[in-house]
Amino acid sequence: RKIIIMAGVISLFAVLGMLRLEGAEYIRNEALFKYDSRTYDGEILITDFSDNNKVYAEFLDEGKRVKIYLSLKECSQLLPGDIVRGKITLSTISRSKSQKSDFSTYLAGKGVYLYAKGEKLALTSQYTMGIRGSVFSLRRYMRQIAQNAFSGDVLALFCAMVQGDKSLIS
């Protein structure tokens with residue numbers, strides 16, 4: 001009887017894993033069909049830091065949140081929770097054959113299937129609604145305290161370790 005229960009549990013996890021992969025592939029195909037080579041002009045919410053003038057962001061399209069990996073010429077002043085306005089060019093993230101680690105799979109795990117480039121984005125406001133807005137405000141407040149208390153490499157280390165912002169590391 002224990003073997004039958006164990007086999008059922010393993011089968012359930014296998015089916016759930018396959019459904020998750022199918023769902024991710026469906027979302028990627030939808031992104032490819034709907035957003036590839038499209039430009040978007042509107043408000044974009046910065047959601048998290050990344051490296052080398054790139055940030056995680058999202059925008060609303062037909063009431064649905066669309067997550068993107070956004071490349072900017074200069075983003076050192078942007079913080080999670082900032083809302084920027086401007087025009088971006090979207091493209092789907094394709095798998096690189098030359099890289100040993102597959103960054104597109106990593107981004108897909110975060111629910112990001114689109115890459116975007118933005119030229120001139122203007123900061124318009126800060127997201128403050130609900131729990132998510134509170135988290136953004138707390139992160140911004142922590143950064144202000146750290147900037148008042150630390151400087152140089154210590155500030156860069158604090159921001160990298162506590163907030164995941166590696167942009168200050170030289």
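Residues are numbered from 1 along each chain as its sequence is written, and side-chain values use heavy atoms, with hydrogens and water left out. Because the model is predicted, local features need pLDDT of at least 70 and side-chain atom pairs count only at pLDDT 80 or more, while totals for chains, interfaces and linings use all residues.

Salt bridges come up first. Side chains of opposite charge can pair when their charged atoms come close. The structure holds 5 salt bridges, a salt bridge being a side-chain nitrogen of Lys or Arg within 4 Å of a carboxyl oxygen of Asp or Glu. One of them joins Arg139 to Asp48, at 3.4 Å from N to O. This pair ties together distant parts of the chain, 91 residues apart: Arg139 sits in helix α3 (residues 130-149) and Asp48 in strand β1. Helices (H or I, at least four residues) and strands (E, at least two) are DSSP runs here, numbered from the N terminus. Asp48 itself is partly exposed, its relative accessible area being 26%. On this scale, buried means under 20% relative accessible area, exposed over 50%, and partly exposed anything in between (1.4 Å probe, protein chains only).

Glu58 has two arginine partners to talk about. Its side chain meets that of Arg132 in a salt bridge of 2.8 Å, N to O. That pair, too, links distant parts of the chain, with Glu58 in strand β2 (residues 54-61) and Arg132 in helix α3, 74 residues apart. The side chain of Glu58 also forms a salt bridge with Arg65, at 3.6 Å from N to O. Put together, Glu58, Arg65 and Arg132 make up a network of salt bridges.

Gly42 counts as buried because its relative accessibility is 5%. Leaving aside residues up to four places away in sequence, Gly42 touches Val84, Arg85 and Gly86, where contact means heavy atoms within 4.5 Å. As for Leu121, 79 residues from Gly42 along the chain, the C-alpha atoms of the two are separated by 9.7 Å.
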